[in-house]
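Notebook open, structure loaded. I'm jotting down what I look up as I go.

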Amino acid sequence: MASAEEKTSGNPIFEGWYADPEAIVFGNEYWVFPTYSAPYGEQTHFDAFSSSDLVKWKKHEKIIDTKDIKWAKRAMWAPSIIEKDKKYYFFFSANDIQNNEQEGGIGVAVANKPDGPYKDLIGKPLIDKFHHGAQPIDGFVFRDDDGSHYFIYGGWRHCNIAKLKDDFKGFEPFEGGEIFKSITPEGYVEGPFVFKKDGKYYFMWSEGGWTGPDYRVAYAISDSLFGPHKRIGVVLQQDDKVARGAGHHSVIHNKKDDSWYIVYHRRPLTETDGNHRETCIEKLEFDEKGLIKPVTMTTEGVSASPLK
């Protein structure tokens, strides 16, 4: 939470147990869409948070919950969001399915503004099967420079990519007819995220177990969204003096001053409950070769960075 002087954001950036934060810029505001971190039976809604400067955050409660998504019963997590044609498309995981017979997977909802209210776009999951061994969780929607939208997702150590149709109600087959391509890098477990910088694709993911101290973020850089994504190394991991279980992140960019930030969750040293995760932010910095410098976790967070 922001410090008394409110010179920095502080970490966590807002109160409560929240994980898997999807951070994004909409207009002159930063938004964070996290998982409400609770036992799966209670994990049945999403809250959102907005800020004009990364320091002061406003909470938007229950932007979507299971009453809006009839097929979702529990374990709603790992959102991803994008704006298209003045509508906001919210992708999410639900039900934590363990096989192709169970109902659930990744869904998509739509609203006219970032804080909702959201309505189920297709009335059923967008992905509800295990393709190439990937559990249908942890989706990320990526808009490439040509305006095409790709969906990257997967748990259980497998990662897939698919090309979204223009209406986001399904997928376009790739050449050869395949819908889902496997692009799993070495060490991948879950939580994919992609950003583009200086013409290169930075593909990031989480490794280790989400309840364990070994949870961490690694990355690759490629000339193609489809890879090969050769693992470069770890950029975020536990610090025994600060917090454990640091991972499942996203990245935001303030184009005005070319500053980059990583938004992630971590577990305080005082906590042993797997769901006791908090959302934090740090600067993301690059060396002269474009490699990501290792992230140092802090309690201070970051200084104000207005978008206008």
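Elements first: helices (H or I, at least four residues) and strands (E, at least two) are DSSP runs, numbered from the N terminus. I'm working on a predicted model, where local features need pLDDT of at least 70, side-chain atom pairs count only at pLDDT 80 or more, and totals for chains, interfaces and linings use all residues. Residues are numbered from 1 along each chain as its sequence is written, and side-chain values use heavy atoms, with hydrogens and water left out.

Entry: I found Asn11 in the segment before β1 (18-26). I checked its burial (buried is under 20% relative accessible area, exposed over 50%, partly exposed in between, with a 1.4 Å probe and protein chains only). Asn11 comes out buried at 10%. Its side chain reaches the backbone oxygen of Thr298 at 3.1 Å. The peptide bond from Asn11 to Pro12 is cis, with omega near 5°, and Pro12 also sits in the segment before β1.

Entry: Most residues other than glycine have a negative phi, and most peptide bonds are trans. I noted a cis bond between Gly227 and Pro228, with omega about 10°; Pro228 is in the loop between β16 (216-222) and β17 (231-236). Ala75 is not a glycine, yet has a positive phi of about 50°. I placed Ala75 in the loop between β4 (58-65) and β5, and it is buried, with a relative accessible area of 0%. Arg157 has a positive phi too, near 70°. Arg157 lies in the loop between β10 (149-153) and β11 (160-164) and is exposed at 53%.

**Entry: a sheet.** For pairing I used the rule that DSSP must find at least two bridges between two strands. I got an open sheet of 4 strands, ordered β5-β6-β7-β8, with antiparallel pairing. β5 (77-84) and β8 (119-120) stand at the edges with a single partner strand each, so one side of each has no neighbour in the sheet. β5 pairs with β6 (residues 87-94) over 6 bridges, antiparallel, and Glu83 stands opposite Tyr88 in β6.

**Entry: pocket and cavity.** I ran a 1 Å grid over the protein atoms alone: a cavity is a set of points where a 1.4 Å probe fits but cannot get out, a pocket is an open set with protein on both sides within 12 Å along at least five of seven lines, and lining residues have an atom within 4 Å of a point. Points are joined across faces, edges and corners, and a volume is the space filled by probe spheres set on them. The largest pocket is about 820 Å³. Its lining has 26 residues, with Ile24, Arg143, Phe195, His253 and Lys255 nearest the centre. β1 gives the largest share, 5 residues.

At least two lining residues come from each of β1, β5, β14 and β18.

**Entry: Gly191.** I located Gly191 in strand β14 (residues 190-197), buried at 1%. Counting heavy atoms within 4.5 Å as contact, Gly191 touches Asp138, Gly154, Met204, Trp205, Ser206 and His248, leaving aside residues up to four places away in sequence.

**Entry: cysteines.** With a disulfide taken as two cysteine sulfur atoms within 2.5 Å, I get 0 disulfides. Cys159 is buried at 0%, and Cys280 is buried at 0%.

Key
A polar contact is a pair of N or O atoms within 3.5 Å; within protein, one must be able to donate a hydrogen and the other to accept it, and residues adjacent in sequence count only if both atoms are side-chain atoms.
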